[in-house]
Amino acid sequence: MPKSIAGPEIERLIQLLARLPGLGPRSARRAALHLIKKRDQLMTPLTDALGVARDRIVVCSVCGNIDSQNPCTVCTDQKRDPSMIIVVSDVADLWALERAAALNARYHVLGGTLSPLDGVGPQDLTIDALVARAHDPVVKEVVLALNATVDGQTTAHYITDLLHNANVKVTRLAHGVPVGGELDYLDEGTLSAAIKQRTPI
Ligand code: ZN
């Protein structure tokens, strides 16, 4: 057993920080020490921000995004194109696409992907709500922005079948060479998908 070098309060702070994604025990220790040293500049505002987030953050009842208002800022943004719904598995993917700022559309967060091995079935995701939204006459295109994994692609096929009767075009993200990527470093799957989906110049 390693010797304890701090009281239980500090150890608890370190243990909680270590549960955050991307933080191991060592970086959690560093983060805890940093917070303690910067009590006024960082720890107090962080504590306040966490309290506000805990009390105010809700899941959007339309798209599944998280925000401090329901419907969320994205769903109520009148400048967004209502004819396109981008389907993502997680809020993190929604944020990633928003950072890319490629499309000015609305979203639908599934809450995961179908995974028979992990016991995740259609009833565990917001697929029914998506199908209902896709039947709104204003919606013309559903973009399946799902992971290029077996589960992601299984989910994409499943949703495509369900949307057969909806009057929408169903599209998915292109698979291909990353911007700045060198061909020699790509895995065979990516390279093969990129060459099959080549586009005219
Ligand atoms: Zn929303």
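Me: A salt bridge is a side-chain nitrogen of Lys or Arg within 4 Å of a carboxyl oxygen of Asp or Glu. What makes Arg54 and Asp55 a salt bridge?

Reply: The closest N and O atoms of Arg54 and Asp55 are 3.2 Å apart, so the pair meets the cut-off. This is a predicted model, in which local features need pLDDT of at least 70, side-chain atom pairs count only at pLDDT 80 or more, and totals for chains, interfaces and linings use all residues. Residues are numbered from 1 along each chain as its sequence is written, and side-chain values use heavy atoms, with hydrogens and water left out.

Me: Are Arg54 and Asp55 buried or exposed?

Reply: Arg54 is exposed, as is Asp55. Exposed means over 50% relative accessible area, buried under 20%, and partly exposed in between (1.4 Å probe, protein chains only).

Me: How many salt bridges does the whole structure hold?

Reply: A search finds four. One of them pairs Arg29 with Glu11, with 3.8 Å between the closest N and O atoms. Arg29 sits in helix 2 (residues 25-37) and Glu11 in helix 1 (residues 8-17), so the bridge ties together parts 18 residues apart in sequence. Helices (H or I, at least four residues) and strands (E, at least two) are DSSP runs, numbered from the N terminus.

Me: Why is Glu11 called buried, and why is Arg29 called partly exposed?

Reply: Glu11 has a relative accessible area of 16%, so it counts as buried. Arg29 is at 36%, and therefore partly exposed.

Me: What joins Asp77, Arg80 and Glu98?

Reply: Asp77 forms a salt bridge with Arg80, the closest N and O atoms being 3.4 Å apart. Salt bridges that share partners link Asp77, Arg80 and Glu98 into one network. Arg80 is buried at 10% relative accessibility. Asp77, at 24%, is partly exposed.

Me: How do you know which residues are the donors of the zinc ion?

Reply: Donors are N, O and S atoms within 2.8 Å of the metal (3.2 Å for Na, K and Ca); water is not among the atoms, so sites may look incomplete. The SG atoms of Cys60, Cys63, Cys72 and Cys75 lie 2.3 Å from the zinc ion, so they qualify. Their spacing in sequence is C-x2-C-x8-C-x2-C. Cys60 and Cys63 are buried.

Me: Why is the zinc arrangement called tetrahedral?

Reply: Four donors count as tetrahedral if all angles lie between 85 and 135 degrees. The donor atoms here subtend 103 to 114°, which makes the arrangement tetrahedral. The ideal angle for four tetrahedral donors is 109.5 degrees.

Me: What makes up the largest nonpolar core?

Reply: A nonpolar core is a set of buried Ala, Val, Leu, Ile, Met, Phe, Trp, Tyr and Cys residues joined through side-chain atoms within 4.5 Å. The largest has 18 residues, and those with the most contacts inside it include Val87, Leu110 and Ile127. Strand 3 (81-88), helix 5 (127-134), strand 5 (141-144) and helix 6 (150-162) each supply at least two residues. Helix 5 gives the largest share, four residues. A second, separate core of 15 residues includes Cys60, Val88, Val91 and Ala105.

Me: What makes Ser115 count as buried, and which residues does Ser115 contact?

Reply: The relative accessible area of Ser115 is 4%, so it is buried. Ser115 lies in the loop between strand 4 (105-109) and helix 5. Neighbours within four places in sequence aside, Ser115 contacts Val120 and Asp151. Contact means heavy atoms within 4.5 Å.

Terms used
Four donors count as tetrahedral if all angles lie between 85 and 135 degrees; four count as square planar and six as octahedral if opposite donors are over 155 degrees apart and all others between 65 and 115; anything else is irregular.
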